[in-house]
Amino acid sequence: MVMLHAHALRPEPEVLLDLWSLDELKGVRRTSDMLEIGAAEPYTGIIASPEVQLHLPALAAAAHTIGAAQIQNRGTLGGNLANASPAGDTLPVLLAYDAVVVTDRRSIAIDEFFTGYRKTALQSDELITAVRFPLGRQVTFRKVGTRAAQAISKIVMAVSRSPARIAIGSVAEVPLRARRAEAALERGDVDGAIAAVAEDIRPIDDVRSTAVYRRTVTQNVLRELLDGPHSPSTPTVPAFLPRR
Amino acid sequence: MRFTLNGRDVSCEGSGARRLLDVLREDLGATGTKEGCGEGECGACSVLIDGEVVDSCLVAVGQVEGRDVVTVEGLALEDGSLSRLQHAFIEHGAAQCGICTPGMLLAAHVLLQQSRRLTVDDVRVGLAGNLCRCTGYTKIVDAVLSCTK
């Protein structure tokens, strides 16, 4: 993926295609059994969408933690997916919802999307057009960073109880599903899930945190999300945000 | 590339991959827009594109073709006098070194356009993408809130 970095686009492109002007890649659409969000719909629109607030409150909550207004006005699910950072804040949410990545040629289950550190199942000329979410799933979300805004996650987690999904970012080379913890949760064994999650993750020491901290906090956050009320997390959306 | 800058039609030559920030400062002389971190963390380079606040260090100039860009130079009134918000920054001591001020003003300008009934928390959330190393933020928040009355 081409990104603006250190004063220039890297890698330097021969041709630049601006996807921002393509209305087909924007918007939030509801069908009978799913919600589809355009790959280039900015987070501001996702946060303000009544459909997202109603059906995918964990996604609205995650979008609200990304950067601040300047970033939320430009950042998109398509960008978060293609960048494939293990710290991408919407990515555990997509995993917990079993989202489907729609491209110009196929649909890719989110479970099969991340193939390695910043690597995806996308072909080099493949365009993400939308992300589809099933309806009716209860997902909770929690991000831990150094401050409420403009923070890259130390750990970020999204959890569904039924079906059991425990998805975590910033604890491995990819956004991760904690399979052993999920198996324990599926049996109703909450303590077992919290014990197992420490074995599922592969955290490292880096500039933002340490492996020890991440392992401890991952277990604490999982306990909080499993012990807490079973209603979805409520995003704190300021009332003055424009409704689109 | 052609776009509107503070209400005037402007054009620039060269690659569409250049940063909007550089085109504003170097080609168009709009040096009110400052560079801080250059990676979308600090908000010093905030500008408005079609009325939405964005970091101009993260925008390729090709992306503003045909769009409406407003920088801090566009906040003053037509006769050159400062806006109410700009006066409030002066009165409240909300500007010290001044590097964050253009971005703060633009982010606050958008907030005030969205609602005149803002709480302290609304302002803090709305300005969370703009870092200030001098003021401790309180005077900035006070200045913005003074414009809601």
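Predicted model: local features only at pLDDT ≥ 70, side-chain atom pairs only at ≥ 80, totals over all residues.
Student: How many residues of chain B are in contact with chain A, then?

Tutor: On the chain B side there are 25 residues, and they are in contact with 20 residues of chain A. Strand 4 (52-55), helix 3 (101-114) and helix 4 (120-126) of chain B each supply at least two residues of the side that touches chain A.

Student: Which of these gives the most?

Tutor: Strand 4 of chain B does, with four residues. Sorted by class, the side of chain B that touches chain A has nine nonpolar, eleven polar and five charged residues.

Student: Let us stay with chain B. What domains does the assignment give?

Tutor: The domain assignment of chain B gives domain 1 (2-74) and domain 2 (84-146). Their C-alpha centres lie 20 Å apart. In the contact between them, 13 residues of domain 1 of chain B meet eleven residues of domain 2 of chain B.

Student: Where does the largest share of the domain 1 side come from?

Tutor: Strand 3 (residues 46-49) of chain B provides that share, three residues. By class, the side of domain 1 of chain B that touches domain 2 of chain B has seven nonpolar, five polar and one charged residues.

Student: Now the core. How many residues does the largest nonpolar core have?

Tutor: The largest nonpolar core has 117 residues, and those with the most contacts inside it are Val93(A), Met157(A), Ala158(A) and Ile166(A). Helix 3 of chain B contributes the largest share of this core, eight residues.

Student: Why does this core lie between domain 1 and domain 2 of chain B?

Tutor: It lies between them because both domains give residues to it.

Student: And what is Val93(A) in contact with?

Tutor: Leaving aside neighbours within four places in sequence, Val93(A) is in contact with Ala58(A), Leu59(A), Ala62(A), Val139(A), Phe141(A) and Ala158(A).

Student: What about Val70(B): is it buried or exposed?

Tutor: Val70(B) is buried, because 20 other C-beta atoms lie within 10 Å, and a residue counts as buried at 20 or more. Val70(B) lies in strand 5 (residues 68-70) of chain B. Not counting residues up to four places away in sequence, Val70(B) touches Asn6(B), Val47(B) and Leu48(B). Val70(B) and Ile49(B) are 21 residues apart in sequence, with their C-alpha atoms 6.6 Å apart in space.

Student: A change of topic: at what angle do helix 7 and helix 8 of chain A pack?

Tutor: Helix 7 (residues 179-186) and helix 8 (residues 190-200) of chain A pack at an angle of about 170°, and their axes are 7 Å apart. The angle makes helix 7 of chain A roughly antiparallel to helix 8 of chain A, because angles over 145 degrees count as roughly antiparallel.

Student: Which residues make that contact?

Tutor: From helix 7 of chain A they include Arg179(A), Arg180(A) and Ala181(A), and from helix 8 of chain A they include Val190(A), Gly192(A) and Ala193(A). By class, this contact has seven nonpolar, one polar and four charged residues.

Student: Which residues of helix 8 of chain A are buried?

Tutor: Ala193(A), Ile194(A), Ala196(A), Val197(A) and Asp200(A) are buried in helix 8 of chain A. The buried residues of this helix pack against strand 12, strand 13 (176-177), helix 7 and helix 9 (211-227) of chain A.

Student: What about the backbone? Which residues does a cis peptide bond join?

Tutor: Most residues other than glycine have a negative phi, and most peptide bonds are trans. Here a cis peptide bond joins Ser162(A) and Pro163(A), with omega about -5°. Pro163(A) lies in the loop between strand 11 (155-160) and strand 12 (165-169) of chain A.

Student: And what is phi of Asp98(A)?

Tutor: Phi of Asp98(A) is near 55°, a positive value in a residue other than glycine. Asp98(A) is in the loop between helix 6 (91-96) and strand 5 (100-103) of chain A. Gln150(A), which is not a glycine, also has a positive phi, of about 55°.

Student: Is Gln150(A) buried or exposed?

Tutor: Gln150(A) counts as buried, with 21 C-beta neighbours inside 10 Å. Asp98(A) counts as partly exposed, with 18 C-beta neighbours inside 10 Å.

Conventions: Residues numbered from 1 in each chain as written. Chains lettered and ligands numbered in written order. Contact = placed C-beta atoms within 7 Å. Nonpolar A, V, L, I, M, F, W, Y, C, P; charged D, E, K, R; others polar. Axes fitted to C-alpha atoms, helices over the stretch in contact; angles between N-to-C directions. Parallel < 35°, antiparallel > 145°, perpendicular 65-115°, else oblique. Buried ≥ 20, exposed ≤ 12 C-beta atoms within 10 Å, placed from the backbone. Core = buried A, V, L, I, M, F, W, Y, C linked by C-beta atoms within 7 Å. Domains from an automatic or database assignment.
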